[in-house]
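The following note sets out some points for a colleague to consider when reading this entry. Please have the coordinates open while going through the numbered paragraphs.

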Amino acid sequence: MTTQIETVMHYNYEYEEDEYMNQEDEWDRDLLLDPAWEKQQRKTFTAWCNSHLRKAGTQIENIEEDFRNGLKLMLLLEVISGERLPKPDRGKMRFHKIANVNKALDFIASKGVKLVSIGAEEIVDGNVKMTLGMIWTIILRFAIQDISVEETSAKEGLLLWCQRKTAPYRNVNIQNFHLSWKDGLGLCALIHRHRPDLIDYSKLSKDDPLGNINLAMDVAEKHLDIPKMLDAEDIVNTPKPDERAIMTYVSCFYHAFAGAEQAETAANRICKVLAVNQENEKMMEEYERLASELLEWIRRTTPWLENRTPEKTMVAMQKKLEDFRDYRRKHKPPKVQEKCQLEINFNTLQTKLRISNRPAFMPSEGKMVSDIASAWQRLEQAEKGYEEWLLNEIRRLERLEHLAAKFRQKADAHDTWSYGKEQILQQKDYESASLTEIRALLRKHEAFESDLAAHQDRVEQIAAIAQELNELDYHDAAGVNDRCQKICDQWDRLGTLTQKRREALERTEKLLETIDQLHLEFSKRAAPFNNWMEGAMEDLQDMFIVHSVEEIQVKQLVPIRDQALQEELARQHTNERLRRQFAAQANVIGPWIQTKMEEIARSSVEIGGPLEDQMNQLKQNEQNFINYKHNIDKLEGDHQLLQEALVFDNKHTNYTMEHIRVGWELLLTTIARTINEVANQILTRDAKGITQQQMNEFRASFNHFDRGEAEFARTMALVDPNGQGTISFQSFIDFMTRETADTDTAEQVIASFRILASDKPYILADELLRELPPEQAQYCIKRMPAFKGPGAVPGALDYTSFSSALYGESDL
């Protein structure tokens, strides 16, 4: 007995690469001597061996006796490995048995298991401890080693699988392969998780461990083809059930559900790939929609801005200016944001496609980002020319209105001056006049001629103004020309009548002088009286012909003119106040925008710390910018007041409203693009497993890249394949990490579909509906082409072409 105990004590076995095959601790090694454990292992290992041997039409009754000749041991290894072992020796002598067992042990060793202290002689002699140790080694190698769950394998992988599967169940907490299984709920939970039709878990109680274990074993034997390998009483009544026995039995559940597990893994992979594809397709559709809407808006708006048809009145042109202000302040800003968002969506989509190993997105013809940028540039060119044209037209109309008013004023003054002049010139008052009266009339006529000559300049000014109005395309040029022609025609008539009246007066004067000689004598005698009479007549005539009325009118015009000058002075003071008010704000806002732009540019170079912190800081900056917008709106209001006052120059500032608008739009666009760049870096980091330290190193390398390096040209070809001469940090990250991403491939997706299709080269719609969620199943059914290969059946779908198309590897 002592010898046997010593033999067991030095028994050991090792697996070259997996330490779990060594005993876990001294306590476990001591308990190997526990008869209860030996009983559990004997029963469990026997049942496990028989579950495989029955495939070859045989079984064992006594584990230490039936393996002694090595024949069933070799058969067991052939069944579980699927490989042929060397031909066994058929003799019944001891050396024949030892030779067969050695062939089995050699095969086990060839599979990477290093057996220590287990020899063929001990197996042939029926050493139960060594036999159980050998079977346990076989179970570990062929039933447990290849279990892999979430980067853990073998025992740890099996334990993690049990934990994952039983996590949702009440009263189940799997931490090991002994005490955690004593109440039977763990076994019932494993069955219910995969086959809820077999067990009603809600009716189970933790207080009935025997009932739970027997239920699980009965169901497993009947429906899952897992033989009973343990007695429920042995598990419940043993302080610590045998770990090897429990692990062996539980591994049978893993392999029983392996097909379902494999299908579930395949379905999960496919669902993950399809979810990525569906999200990408939605982003593509959204890009196409936004691009179409933006291009359509640009298409409608550009002709409006290119229309240079002038209006005829200042009111109409000011209405155009008001419409343009509404466009700049209300209609264009949302489109600027849409354009920026479109570029952000495009960059994000391309990043996600790169991360998921998909081909780059190519928008529809005419909807590339470059096409939108070109259309936008044409829009802004038209916009810039339109505003310049508007202001020039308003200045022209202002000049025209001024000239037209000046024309009307001078024409009215001329009409007032010329009123009644033709009638006076046509009078024949000289026919009954005396010589003195004739001479008075001549003096009066000479005064009129002087006035007429002086008025020549006024008529010429009227004609010159009319000509300028015609040259400036005044809308009522016809009316101006008609009135100017009437004035010129009247002027010609006045000249003719003046000449005729002078001639008539001079003839009459000569006639009366002759008559006067005849009356000279009489006149000498009546000289005093005549002198008095003539003086009186002259005085009366002078009162009639002097320019006192005009003089009075001039005196009346002086205060009117003074009032107009005062009003103009007040207007100019108001304009100057508006200029200073606009300049005071513009001189603050302009530098503020410039400073913020420099801060963003500097942060993109000097940026450090976790990307999430960078993102939060950038979003805070963006919110601060948005909160600052009321200052821009107030400046827009002041600019509107300036335009309404027809003030187009401002010596107090170098910033125009257009400068501020463009700077503001560029600021919002730049911060949004920077946020998008960081978001894409987060996507890339998470997808490729880049640490923060690596990101910082990439940033430092990117900021200080030595353009003199010999590798520069080769690197540029990779990060700037289009030869644009610029490299984004995102492209640099892709270059630095291009081989590190753990992404799905078309081959993996094809393999996953093959599992769901039970190794068929095609898959049926019913299989897709059974294995995948309804939405994604329908997605596949709708897009998969019909399978046309050999063995095709009605409704067969080609998952290979579909999978290749997901990754851009076919023309599907």
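Does Asp225 count as buried or exposed, and what is its relative accessibility?

1. Asp225 counts as exposed, because its relative accessibility is 53% and the threshold for that class is over 50%. The residue belongs to the loop between H11 and helix H12 (232-237). Although Asp225 is not a glycine, its phi is positive, at about 60°. As background, most residues other than glycine have a negative phi.

2. With a relative accessibility of 56%, Asp473 counts as exposed.

3. Confidence should be kept in view, since this is a predicted model. The average pLDDT of the chain is 80, and 82% of the residues score at least 70. Among the elements of the chain, the lowest mean pLDDT, 30, belongs to helix H1 (residues 2-10), and the highest, 92, to helix H11 (residues 209-223). Residues 1-33 have a pLDDT below 50, yet the model gives this stretch 66 contacts beyond near neighbours in sequence. Over residues 542-547 the pLDDT also stays under 50, and here the model has three contacts beyond four places in sequence.

4. The next point concerns a helix pair. Helix H10 (residues 185-194) and helix H13 (residues 243-256) have axes that come within 11 Å and cross at roughly 10°. H10 is therefore roughly parallel to H13, because angles under 35 degrees fall in that class. From H10, the residues Leu187, Leu190 and Ile191 meet Tyr249, Val250 and Phe253 of H13. Sorted by class, this contact of H10 with H13 comprises six nonpolar residues, with no polar and no charged ones.

5. Which residues touch the most other members of the largest nonpolar core? They are Trp48, Ile138 and Phe253, in a core of 80 residues. Helix H8 (residues 128-144) supplies the largest share of this core, namely twelve residues. Apart from this core lies another, of 51 residues, which includes Trp297, Met314, Ala466 and Trp491.

6. Leaving aside residues up to four places away in sequence, Phe253 touches Leu187, Leu190 and Ile191, together with Trp161, Ala220, Leu224 and Ile226.

7. Ser752 is part of helix H29 (residues 746-756). Its relative accessible area is 5%, so Ser752 is buried. Not counting residues up to four places away in sequence, Ser752 touches Ala266, Arg269 and Ile270.

8. Pro591 is found in helix H22 (residues 548-606). How accessible is Pro591? Its relative accessible area of 31% makes Pro591 partly exposed. Beyond residues up to four places away in sequence, Pro591 touches Ala586 and Tyr655. Pro591 and Tyr655 are 64 residues apart along the chain, and their C-alpha atoms are separated by 9.7 Å.

Terms used:
Residues are numbered from 1 along each chain as its sequence is written. This is a predicted model: local features need pLDDT of at least 70, side-chain atom pairs count only at pLDDT 80 or more; totals for chains, interfaces and linings use all residues. Side-chain values use heavy atoms; hydrogens and water are left out. Axes are lines fitted to C-alpha atoms, for helices over the stretch in contact, and angles run from 0 to 180 degrees between N-to-C directions. Helices (H or I, at least four residues) and strands (E, at least two) are DSSP runs, numbered from the N terminus. Angles under 35 degrees count as roughly parallel, over 145 as roughly antiparallel, 65 to 115 as roughly perpendicular and the rest as oblique. Contact means heavy atoms within 4.5 Å. Ala, Val, Leu, Ile, Met, Phe, Trp, Tyr, Cys and Pro count as nonpolar, Asp, Glu, Lys and Arg as charged, and the others, Gly among them, as polar. pLDDT is the predictor's confidence in each residue, from 0 to 100. Buried means under 20% relative accessible area, exposed over 50%, partly exposed in between (1.4 Å probe, protein chains only). A nonpolar core is a set of buried Ala, Val, Leu, Ile, Met, Phe, Trp, Tyr and Cys residues joined through side-chain atoms within 4.5 Å.
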